[in-house]
Amino acid sequence: MKLKLIPALLFWALSFSLCAQDSALIRQIYDEALLRGNAYEDLRQLCKQIGPRLSGSAQAEMAVNWSYEKMNSYNFDRVTKQAITVPHWERGTTESGWFKSANGTLTKVHILALGGSIGTNGLLEGEVIEFKQLSDLQKAKSKDIAGKIVFLNQAMDAAQIQTFKAYGACYAIRGNGAVEAGKLGAKAVLIRSLGLPQDEHPHTGSMHYDNGVDKIPAAALATNDANALSAALQKGKVQFYLEMDCRAFADAPSFNVMAELKGSKFPDQIITIGGHLDSWDTGEGAHDDGAGVIHCLEALRILKILGYQPTHTIRVVFFMNEENGNQGGQQYAKWVLANQEKHIAALESDRGGFAPRGFNLDGPDNFLALLQSFEPALRPYDLHIFEKGYGGVDIGPLKTTYPGIPLFGFVPDSQRYFDYHHAPSDVFEAVNKRELELGAAAIASFIYLLDQSMQP
Ligand SMILES: [Zn+2]
């Protein structure tokens, strides 16, 4: 391996050439993950013994304790918790929706309140008005919307090969729908679930309110129900009935949980790898993001058990509150600065536990050459994506603390992610054991290559 540092420009210059020793170590990493791995059992415990773990909930606290004990059981060099403050919102116990078609037929639908929504304060009723795009709602007049229930029926584009692009194009109906409908005097907003399949699973997710705009309840309909509601609207006026008792509470104390392998040559230089421990309150947060935290935990366990002594300190962080506030990521970035830590890179896994495809770089172009120089080492393991892209929500704030830091995003296959994302179907059984193990091995190998490369 070869690497040159250009201190005058303050960045690493960057190429990595594979030697036989590297190839052998990577083979050992994969053997450990596939033949003696703990990832699947650890994910089972997180999903089945604890389950969903929304910030501020009792389960989130249990997940913090489980993580801390699990990390300690692997005898890492340092296991710590960082105290943070998180939002606390609860879905409540009542959550129902029906619509009455022009011919009087009543249809019950599958709904989930969007995270952060206010409740309906009893049964809320109104005539439905449908929009296929958020931009169409933005052009509407308040006289046509006031007192009605806005239905945003924008479907994810199934023609997109990378499903995250289809998600990104629809994201605003969930995030901004309540504000846009509220501005025009709507009583409530319903959105078509952000999911690709046509099924009965509604998908929740975060939304926001703006100061100065009346807050209105917001809920997601399962895609089949969105289709049925749209079909009913083709035939005449439709009345919708909604009841939800979700609400926000005072902010709550919580923790990021972390473990380290100390660097042998550069112990003060830190590479953070992680995912988020919190999840939505439906399903078990298996792909989102149980898989991501377990990937990183297992990667560190494998490096330790193989006796690998990293040159830099490798720190795994289980971030809290990615889903509805990103307080874990933001407060971590402040904490590392307050501690005067030196961070040289970070990696996040938050795109599910599916078959690994490669890694994205979110950072300066000079690191792209480094990323691409890893390809010969990882290509035999079916990894082929080594390109610029997105890092992750939790590690994102490190960009401000350390301008120029390279952030890497683990990229698994995305085709099935939006079958499960934020839905009751995101359970342990939806994760394939072998695919999860391959993800952990890919991340352990990547961290090994990064640790070897980033030195003068
Ligand atoms: Zn996530």
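Student: What is the volume of the largest pocket?

Tutor: Rolling a probe the size of a water molecule over the atoms shows where empty space is left. In this predicted model, the largest pocket has a volume of about 870 Å³.

Student: Which residues lie nearest the centre of the largest pocket?

Tutor: Phe-164, Tyr-167, Arg-351, Tyr-390 and Phe-418 do, out of a lining of 34 residues. By class, that lining comprises 11 nonpolar, 12 polar and 11 charged residues.

Student: Which element gives the most to the lining of the largest pocket?

Tutor: Helix H6 does, with 6 residues. At least two residues each come from H6 (163–183), the strands S16 (356–362), S17 (385–388) and S18 (407–412), and helix H13 (417–420).

Student: Let us turn to helix packing. At what angle do H2 and H3 pack, and how far apart are their axes?

Tutor: Helix H2 (residues 39–50) packs against helix H3 (residues 58–73) at an angle of about 150 degrees, and their axes are 10 Å apart. Angles over 145 degrees count as roughly antiparallel, and H2 and H3 are therefore roughly antiparallel to each other. The crossing of H2 past H3 is right-handed.

Student: Which residues meet where H2 and H3 are in contact?

Tutor: From H2, the residues are Asp-42, Gln-45, Leu-46, Gln-49 and Ile-50; they meet Gln-59, Met-62, Ala-63, Trp-66 and Lys-70 of H3. The residues of this contact divide into 5 nonpolar, 3 polar and 2 charged.

How values were computed:
Residues are numbered from 1 along each chain as its sequence is written. This is a predicted model: local features need pLDDT of at least 70, side-chain atom pairs count only at pLDDT 80 or more; totals for chains, interfaces and linings use all residues. Side-chain values use heavy atoms; hydrogens and water are left out. On a 1 Å grid over the protein atoms alone, a cavity is a set of points where a 1.4 Å probe fits but cannot get out, and a pocket is an open set with protein on both sides within 12 Å along at least five of seven lines; lining residues have an atom within 4 Å of a point. Grid points are joined across faces, edges and corners, and a volume is the space filled by probe spheres set on the points. Helices (H or I, at least four residues) and strands (E, at least two) are DSSP runs, numbered from the N terminus. Ala, Val, Leu, Ile, Met, Phe, Trp, Tyr, Cys and Pro count as nonpolar, Asp, Glu, Lys and Arg as charged, and the others, Gly among them, as polar. Axes are lines fitted to C-alpha atoms, for helices over the stretch in contact, and angles run from 0 to 180 degrees between N-to-C directions. Angles under 35 degrees count as roughly parallel, over 145 as roughly antiparallel, 65 to 115 as roughly perpendicular and the rest as oblique. A crossing is left-handed if the near helix is turned anticlockwise from the far one by less than a right angle, and right-handed if clockwise. Contact means heavy atoms within 4.5 Å.
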